[in-house]
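Please open the model in a viewer and keep the selection panel at hand.

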Amino acid sequence: MTERRDGLLPTRLVLRRDRRRRLEQGHPWIYRSEVERVEGPLAPGDLVDVVNHQGVFLARGYANPHSQIFARVLTYRQGEPIDVDFFIRRFQQALEYRRRFHPQAMTYGRAVYGEADFVPGLVVDRFGEVLVAQVLTAGMERLFEQALEALVEVYKPAGILARNDVPVRALEGLPLVVETAYGEVPDVVDVIDNGLTFSVDLREGQKTGYFWDQSENRAAIRPLMTGWTARRALFGEAPGDLDGAHVLDCFCHTGAFAVHALHYGAAHVTAVDISADAVELARQNARRNGVLDRADFAVANAFDYLREQDARGARYDVVILDPPAFAKSRQSIESAARGYKEINLRAMRILREGGFLVTASCSYHMSPERFRETILDAAVDAHKVLRVVRDARAASDHPQIAGAPEQHYLKFLIYEVRSRR
């Protein structure tokens, strides 16, 4: 794949003179609109050299002429072979990064994060002795045999599951399949997140089975869970007889935030999700971590549940909102913003004075600025003043290239909420 089929020089993508210098800023994608011409044959997944309008080498990557993202960068070194040794180096670098900044991911967490680890189109999560990989592009599909050999060499797993069932593969002309790529892989495994144990369904769970991107943010809710007898009194509320927080966790999925909240001292958590299977797994996770006695669970639409709580005058110390992506495309941003505004407005209305709103968006198309504006719009309508406690992104095992703002998909905010009335 390093040479053209005619045995001559590698196929070249020549970029337009008037393009933005995104590639030079570290952005790993080259859009169709940036390409002046292609010199040489090109099929989906072929390796290409990328040059500027003067023919100066900029990067080597793979291309797909049928995609709006025409090419993705693998290396900035001219002539570097893209082989097993290349992937071994990349994975060793990814491992060293996590050893330094997110040690949990040495055993449990995101091991390889696509473009941000300089292997575009490949995501690998680590579940103890098992790896779960997702191949997202035609180019990485062509290279996966070499990548797989390198994963086995570097991580020495007992098994590797290919969770290639994500819809984005269809856009690349790839089939949707789930299959064992190496060794043996059980259906369900136990993982450790911030010292807590969770059961994960590797084959049927969302994404790769567990949302590692929120790991550090789940730990960040610890200060919200205790000290409420004094805090309620400070804000003119009835102090109650329990020091722990009363928490509502909407879109609870399999209970990661709920179990963390209970472990950190919440007096009670109500966890809500529309999926009965997810709620049952959340209940099991609460039981195995010894906190089930302070939790209850509801299978319900979170929008309806929040409206019902508002209508009956319910009050909570902390409300957690971690919904699935509302904006699936650029065209859906406005409707997504309305959805985010609705749930956050309702959450603010049912918080006690001085309570905390924990809110997130994983919508790739919803920018951090737009998300914060949407929360502020909700605060205006709810007659609330917000004080920022935490403004964060994905955990440290999900690094971000500075020149690629599109990778900032996860927005996570904690606000203290006070009344304007």
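A residue is called buried when its relative accessible area is under 20%, exposed when over 50%, and partly exposed in between (1.4 Å probe, protein chains only). This is a predicted model, in which local features need pLDDT of at least 70, side-chain atom pairs count only at pLDDT 80 or more, and totals for chains, interfaces and linings use all residues. Residues are numbered from 1 along each chain as its sequence is written, and side-chain values use heavy atoms, with hydrogens and water left out.

Select Thr254, in the loop between strand S14 (246-250) and helix H6 (256-263); helices (H or I, at least four residues) and strands (E, at least two) are DSSP runs numbered from the N terminus. Thr254 counts as buried because its relative accessibility is 11%. Apart from residues up to four places away in sequence, Thr254 touches Ala278, Leu281, Ala282 and Asn285, where contact means heavy atoms within 4.5 Å.

With 24% relative accessibility, Glu353 is partly exposed. Its contacts beyond four places in sequence are Phe235, Glu237, Val417, Arg418 and Ser419. A polar side-chain atom of Glu353 lies 3.0 Å from the backbone nitrogen of Ser419. Display also the C-alpha atoms of Glu353 and Gly236: they are 7.9 Å apart, although 117 residues separate them along the chain.

Ser361 lies in strand S18 too. Is Ser361 buried or exposed? Ser361 is buried, at a relative accessible area of 0%. Its side chain forms a polar contact of 2.9 Å with that of Tyr340 (a pair of N or O atoms within 3.5 Å; within protein, one must be able to donate a hydrogen and the other to accept it, and residues adjacent in sequence count only if both atoms are side-chain atoms). Among the residues that Ser361 touches are Met366 and Tyr409.

Now turn to the spaces. On a 1 Å grid over the protein atoms alone, a cavity is a set of points where a 1.4 Å probe fits but cannot get out; a pocket is an open set with protein on both sides within 12 Å along at least five of seven lines, and lining residues have an atom within 4 Å of a point.

Select Tyr409 as part of the lining of the largest cavity, together with others including Arg110, Asp125 and Trp212. Tyr409 also lines the second largest cavity, as do His408 and Leu410.

Finish at the second largest pocket, whose lining includes Met366, Tyr364 and His408.
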